[in-house]
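User: I have a chain to go through before setting up calculations. Can we take it in short questions and answers?

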Amino acid sequence: MRRGSIVQLIVIGVLAGAIASAFALIPNWLPEPASKEAGRIDFVFWFVTGICIFVFSIVAAVSVFAVWKFRAKPDDDSDGAPIHGHTGLEIAWTAVPTLLVTSIAVVSAIVLAKDDAQGANPLRVEVTAQQFFWSYRYPESGNKESDVLRLPVNRSIVLHLTSKDVIHSFWVPEFRQKQDIVPGIHPTLHITPTKVGTYPVICTELCGLGHALMRSRAIVMTDDAFQKWAAQKGGA
Ligand SMILES: [Cu+2]
């Protein structure tokens, strides 16, 4: 291969990578992270996106170069030259994806394990999902009930999730953590909120006619405000 061709391939690849990176970075796709776990999930997201952009750049460079340089003339009906296998190339395109996929698996496993570990002195909240609403119970506060998920900031939270009817899925985009709730199985989900604010709780498993309306709110409060609320009788 001529040196000029390699330079052209690299230029196309860098251009394709720059365009793809702009699409990935400029629109601000992700909601503001509001939990410790979210930072790690975002790391995996950008790690995988980076690998995707790298692979895309190579594929785009080779595709554009082939269309540009090897286009057949309108009156050229001949077949191309026969191609034989290339052992080195085949080893490379097996080994590189294997490495990339393995690195994604390792990074994901570490992040999942870390996000699954509860911190010291976690606050337990019972979350009940049913067609088509969410309810929350606080065993540490005399089983106080609420239809809003109130949480103290910077404390490890363990949600114990239960479904009364069909499969639902608990999701707060700003926390990034997501968990399916299958009836009869009682999964837990760990969240450490890092920002005071109000966030949507969304059911993200199609669960019936009212699924789109199965939403509630998560309100992250300062610890003082949360303790005051938890000590009150009643009041969502
Ligand atoms: Cu649902």
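This is a predicted model: local features need pLDDT of at least 70, side-chain atom pairs count only at pLDDT 80 or more; totals for chains, interfaces and linings use all residues.

User: Are helices H2 and H3 roughly parallel or roughly antiparallel?

Analyst: H2 covers residues 36-69 and H3 covers residues 87-116. Their axes come within 9 Å and cross at roughly 170°. Angles over 145 degrees count as roughly antiparallel. H2 and H3 are therefore roughly antiparallel.

User: Which residues of H3 meet H2, and how do the residues of that contact divide by type?

Analyst: On the H2 side, the list includes Glu-37, Arg-40, Phe-43 and Phe-47. These H2 residues meet an H3 set made up of Leu-100, Ser-103, Ile-104, Val-107, Ser-108, Val-111, Lys-114 and Asp-115. By type, the contact holds four charged, two polar and eleven nonpolar residues.

User: Is Asp-115 buried or exposed, and what is it in contact with?

Analyst: Asp-115 sits in helix H3. Its relative accessibility is 2%, so Asp-115 counts as buried. Neighbours within four places in sequence are left aside here. The contacts of Asp-115 are then Glu-37, Arg-40, Ile-41, Gln-177 and His-190.

User: How far is Ile-110 from Arg-40 in space?

Analyst: Ile-110 belongs to helix H3. Its relative accessible area is 47%, so Ile-110 is partly exposed. Ile-110 and Arg-40 are 70 residues apart in sequence. C-alpha to C-alpha, they are 9.5 Å apart.

User: What distance separates the C-alpha atoms of Ala-92 and Val-111?

Analyst: Ala-92 is placed in helix H3. At 38% relative accessibility, it is partly exposed. Ala-92 and Val-111 are 19 residues apart along the chain. Their C-alpha atoms are separated by 29 Å.

User: Where is Ser-78, and how far is its C-alpha atom from that of Glu-32?

Analyst: Ser-78 is in the loop between H2 and H3. With a relative accessible area of 52%, Ser-78 is exposed. Along the chain, Ser-78 and Glu-32 are 46 residues apart. The C-alpha separation is 57 Å.

User: Which residues does the cis peptide bond join?

Analyst: Phe-132 is in the loop between strand S1 (123-130) and strand S2 (133-138). Omega of the cis bond is about -5°. The residues joined are Gln-131 and Phe-132.

User: Is Trp-134 buried or exposed, and how far is it from Val-148?

Analyst: Trp-134 is in strand S2. Its relative accessibility is 1%, so Trp-134 counts as buried. Trp-134 and Val-148 are 14 residues apart in sequence. Their C-alpha to C-alpha distance is 8.1 Å.

User: What is phi of Asn-28, and is Asn-28 buried or exposed?

Analyst: Asn-28 is in the loop between helix H1 (3-25) and H2. Its phi is near 55°, a positive value in a residue other than glycine. At 62% relative accessibility, Asn-28 counts as exposed.

User: What is phi of Arg-176, and is Arg-176 buried or exposed?

Analyst: Arg-176 is in the loop between strand S6 (168-171) and strand S7 (178-181). Its phi is positive, near 70°, and the residue is not glycine. With a relative accessible area of 11%, Arg-176 is buried.

User: How many disulfides does a search of the whole structure find?

Analyst: Cys-203 is buried at a relative accessible area of 4%. Cys-207 is also buried, at 6% relative accessibility. The number of disulfides found in the whole structure is zero.

Definitions and conventions: Residues are numbered from 1 along each chain as its sequence is written. Side-chain values use heavy atoms; hydrogens and water are left out. Axes are lines fitted to C-alpha atoms, for helices over the stretch in contact, and angles run from 0 to 180 degrees between N-to-C directions. Helices (H or I, at least four residues) and strands (E, at least two) are DSSP runs, numbered from the N terminus. Angles under 35 degrees count as roughly parallel, over 145 as roughly antiparallel, 65 to 115 as roughly perpendicular and the rest as oblique. Contact means heavy atoms within 4.5 Å. Ala, Val, Leu, Ile, Met, Phe, Trp, Tyr, Cys and Pro count as nonpolar, Asp, Glu, Lys and Arg as charged, and the others, Gly among them, as polar. A disulfide is a pair of cysteine sulfur atoms within 2.5 Å. Buried means under 20% relative accessible area, exposed over 50%, partly exposed in between (1.4 Å probe, protein chains only).
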